[in-house]
Structures are given as structure tokens and as C-alpha cells.
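Subject: Model for you to look over

Hello,

I am handing over the structure below.

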Amino acid sequence: MADTLIAYFSWSGRSAALAQKLYRNLPGSSLYHIATKRSYAKHFVSCAAQAAAEKKKNERPDLQTHLSGKQVMKYDRMILIYPIWCGTCPMAVRTFLEGIRTERLDLFPVALSMKTDVRKSVEDIRLSAPKAAVAEGLRLSGKKSGEEEAYEAVMRYLGLRD
Ligand SMILES: Cc1cc2nc3c(=O)[nH]c(=O)nc-3n(C[C@H](O)[C@H](O)[C@H](O)COP(=O)(O)O)c2cc1C
């Protein structure tokens with residue numbers, strides 16, 4: 001098992017739950033929460049307005065904590081888990097990727113969404129991490145009932161299940 005960093009962004013908790021389950025089940029993995037200094041509204045409509053404004057301005061919201069280049073260099077693989085926001089990854093995911101060193105990193109994007117597919121977010125992730133080997137992404141249903149299936153799908157995606 002390669003040294004794995006599991007990095008996640010989450011608003012309503014599903015990406016967080018999946019990241020934590022993977023962390024508990026992948027020996028030697030580390031968990032990093034992509035948390036912004038700015039808080040997002042608890043109400044969906046207000047949060048969606050914030051997300052749309054950030055995307056329109058191509059913002060890079062500041063993060064609460066940073067991983068150093070040295071910290072990231074020890075990992076061979078990163079599983080990046082995020083909800084689709086406005087058709088792509090949240091802008092904070094791009095802040096995160098642009099603040100670390102991603103060469104020699106195999107990056108596995110895992111997106112949760114209601115219906116949008118993963119492709120646009122993978123394109124944006126490649127722009128923000130041009131030196132990483134970015135795999136084709138995996139899109140999972142954001143519905144709560146799918147949590148166990150989501151976990152199994154990620155394990156297959158990583159080649160850890162038949
Ligand atoms: C601000 C915002 C924007 C969203 N935009 C989309 C979208 O464009 N397409 C989609 O299918 N789902 C969209 N969703 C739904 C989330 O991707 C989905 O609910 C996801 O499972 C939430 O993950 P989380 O619990 O980790 O935040 C959006 C949700 C939020 C809060």
C-alpha cells in the first residue's frame with residue numbers, strides 16, 4: 001500500500017464521512033481537511049450563491065491550515081474527495097492543490113454530486129496540479145443511502161477490490 005493522503009472538502013458532511021471511512025480502513029493513510037477561513041452559509045440557497053460568486057471570480061479562498069511541500073512529498077498517492085459545486089470542484093480545492101507540490105503524486109479525484117459528472121472538475125484539478133498524474137475521476141451519488149456503496153466503489157477505483 002502506497003503512502004496515501006486522503007484530502008477532502010465537505011459542506012453537508014458526505015465527502016467527510018467517506019474520507020473518514022477510507023482513513024479508518026487504509027493502513028498508514030493520513031487525513032487532511034480542506035477547510036476555508038471563510039465560512040459558508042448553512043442554508044443551501046445562500047451557500048450556492050457564495051459558491052457561484054467564488055467560481056465567477058475564479059477565487060482561491062484562503063485555507064485554515066496548510067501542508068508544507070515536505071509534508072506532501074512523502075505521499076505517493078492522494079485521494080481527493082469533494083462535492084461538485086456549480087458543475088466543478090469547490091474553489092477551495094484549487095487553493096489547496098496550488099499550494100502544495102504535486103510532482104510524483106498519483107492523484108485520484110472522487111466527486112460526490114446529485115447529477116453532474118466528474119469530467120469538468122477533473123479538468124480543473126489538472127490545471128491546478130499540472131505535475132501530478134491525475135487519474136480519470138470517479139463520480140459518486142451524493143445520496144446518503146449510498147455511503148457503503150460509495151466506499152466500495154472507491155476501493156475498486158483504487159484497485160483494492162476486484
Ligand atoms: C453550493 C453547492 C453547489 C452544488 N452544485 C452542484 C452541481 O452543480 N451539480 C450537482 O450534481 N450537485 C451539486 N451540489 C450537490 C452536492 O454536490 C452534493 O449534495 C454532495 O453530495 C454534497 O457533498 P458534501 O456533503 O460533502 O458537501 C451542490 C451543492 C452545494 C452545497
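In strand 5, Ala133 is the bridge partner of Asp106. Strands here are DSSP E runs of at least two residues, helices are H or I runs of at least four, and both are numbered from the N terminus. Two strands pair if DSSP finds at least two bridges between them.

Before the rest, two notes on the numbers. This is a predicted model: local features need pLDDT of at least 70, side-chain atom pairs count only at pLDDT 80 or more, and totals for chains, interfaces and linings use all residues. Residues are numbered from 1 along each chain as its sequence is written.

Strand 4 and strand 5 (residues 133-134) pair in the parallel sense, over two bridges. Strand 6 (residues 138-141) also runs parallel to strand 4, joined by four bridges. There, Ser113 stands opposite Ser141. With strand 3 (residues 77-83), strand 4 pairs in the parallel sense over seven bridges. Ile81 has Val110 of strand 4 as its bridge partner. From strand 3 the chain crosses through helix 4 (residues 91-98) to strand 4, a right-handed β-α-β crossover. Right-handed means that, with the strands pointing away from the viewer, the path from the first strand over the helix to the second runs clockwise.

**Burial and core**

A residue is buried if 20 or more other C-beta atoms (placed from the backbone) lie within 10 Å of its own, exposed if 12 or fewer, and partly exposed in between. Strand 4 is largely enclosed by the rest of the structure, because six of its eight residues are buried. Helix 4 is also largely enclosed, because six of its eight residues are buried. These are Met91, Ala92, Val93, Arg94, Phe96 and Leu97. The buried residues of helix 4 pack against strand 1, helix 2, strand 3 and helix 5.

The largest nonpolar core has 44 residues. Such a core is a set of buried Ala, Val, Leu, Ile, Met, Phe, Trp, Tyr and Cys residues joined through C-beta atoms within 7 Å. Ala7, Met78, Leu80, Ile81, Val93 and Val110 touch the most other members. Elements that each supply at least two residues of this core include strand 1 (4-8), helix 5 (119-128) and helix 6 (147-157).

What does Val110 contact, leaving aside its neighbours within four places in sequence? Ile79, Leu80, Ile81, Gly137, Leu138, Leu140 and Val154. Contact means C-beta atoms, placed from the backbone, within 7 Å.

**Ligand shell**

22 residues surround the ligand. The closest are Ser10, Arg14, Ser15, Pro83 and Gly142. Helix 1 (14-25), helix 2 (44-56) and strand 4 (106-113) each supply at least two residues of the shell. Helix 2 gives the most, with four. The shell divides into 12 nonpolar, eight polar and two charged residues. Ala, Val, Leu, Ile, Met, Phe, Trp, Tyr, Cys and Pro count as nonpolar, Asp, Glu, Lys and Arg as charged, and the others, Gly among them, as polar.

**Two positive phi values**

Asn58 is not a glycine, yet has a positive phi of about 50 degrees. Asn58 is in the loop between helix 2 and helix 3 (69-73). Asn58 counts as exposed, with 8 C-beta neighbours inside 10 Å. Arg104 also has a positive phi, near 70 degrees. Arg104 lies in the loop between helix 4 and strand 4. With 12 C-beta neighbours inside 10 Å, Arg104 counts as exposed.

Best wishes

Conventions: A residue is near a molecule or strand if its C-beta atom, placed from the backbone, lies within 6 Å of it. Two residues are in contact if their C-beta atoms, placed from the backbone, lie within 7 Å.
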